[in-house]
Amino acid sequence: MGQAADLLSSLTGCVTLSSHKWQASHSIAPQEVSMARTAGLRRWIRHTLAALLMMSPSVAWSQAAGPADAPLRLKIVGGLADVSQYLRYEEPFWRRRLPEASGGRIQAEIAPFDRSGIRAQEMLALMRLGVVPFGTALLAIVSTEEPEFNAVDLPTVNPDMTALRRTVELYRPHLEELLAERYDVELLAVYTYPAQVLFCRSAFSGLSDLAGRRIRTSSVGQSEMFAALGATPVVIPFGETLAALRSGVVECAVTGTLSANAIGLHEVTSHMHGMAITWGLSIFGANRAAWNALPDWARTLIRTELAGLEREIWDAAEIETGEGFACNAGQAACTNGRRGNVAIVPVTEADQARRLRLLTETVLPGWVRRCGEACVNAWNTRLAPALGVTAQPD
């Protein structure tokens, strides 16, 4: 019981600290922070600890129970519910593919994090404490407290899939180090969603033609980028994007090519830009105690199979990015969406030049202000030689 009490105290402190950081990063007075959100997470923690207390120590860490010849049982927290990555790849992998590959020696249960009572901002902290032994963290969300994680998906860094693959390959060893040192987490995979691009209700010719427009964004970096272009960024949840465009709250929106089609943006917009603004990376990892508690054969098999899953998810993201363009534009290549009549604005040399100026003059300096000297060193060591863009101390 003493260890459980210590863990509850640590978790509660984590919640409180995260709430304070959230307040500071959003410039909101303490009394304006939703107490229900914090209280809900604390209730979830207490329920989780109560369940853990009913388990043996080996179950609490590795989810393995029963005699030596019994199957290992893993609890997985996956990515976003109801999107292609989870439904077509993550869920079938853990429920069917891994059990089959292991000859039934590994059984797994998986649930999307947004239906598991877990706030995305708390994922790494809960993994560090072992409450979530195997989990998926969205970099754009956890980077509100750890900006260094999101260097690989800052706006304008990766205008296409080729650039994204190169950036992640270069930065991945640093992600592994950060996760191990700060959160005691073993990095097992890096996933990506399809490209997020700009949609507008009226015609535009490129990045330099957006001044004065109200644009839906989903992150600080996106907002800084469009403000530098003379536009007015408005942070709006994804689920409210279509209504905001229909009502005129915003004139443009940044979102995924195929997810935009799924919610009907092709019905209310006329033009979309061909350049990826961001992508939406996530990391899958394990609490190191839980990971090391597994037998060697299981760790080897899981790593091998996860490498295959990762390749499939990346290939699918590239295909779905193209299919999103095809469906929104009403092209024959559209097979998994609804055909629209949206014009694709080509990426010009002027757009590429403006993208680099935005990166060097706005996006990178803003990230450095939020992140500090360690991020300058990480960027200049890992990414600057290949990208040709150097980060300067604030």
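Predicted model: local features only at pLDDT ≥ 70, side-chain atom pairs only at ≥ 80, totals over all residues.
Local features need pLDDT of at least 70, side-chain atom pairs count only at pLDDT 80 or more, totals for chains, interfaces and linings use all residues, and side-chain values use heavy atoms, with hydrogens and water left out.

A salt bridge here is a side-chain nitrogen of Lys or Arg within 4 Å of a carboxyl oxygen of Asp or Glu. The structure has 20 of them. Side chains of opposite charge can pair when their charged atoms come close.

**Stop one.** Select Glu148 and Arg182. Their salt bridge has its closest N and O atoms 2.8 Å apart. This pair joins distant parts of the chain, 34 residues apart. Glu148 sits in the loop between α6 (139-142) and α7 (161-183), and Arg182 lies in helix α7. Helices are DSSP runs (H or I, at least four residues), numbered from the N terminus. Glu148 is buried, at 5% relative accessible area. Arg182 is partly exposed, at 31%. Buried means under 20% relative accessible area, exposed over 50%, and partly exposed in between (1.4 Å probe, protein chains only).

**Stop two.** Select Glu122 and Arg119. Their side chains meet in a salt bridge at 3.1 Å, N to O. Are these two residues buried or exposed? Both Glu122 and Arg119 are buried.

**Stop three.** Move to helix α12, residues 296-329. Select Asp296 and Arg299, a salt bridge with its closest N and O atoms 2.4 Å apart. The two are 3 residues apart in the helix, so about one helical turn separates them. Asp296 is exposed, at 53% relative accessible area.

**Last stop.** Select Arg97, Glu305 and Glu312. A network of salt bridges links these residues.

Note on methods. Residues numbered from 1 in each chain as written.
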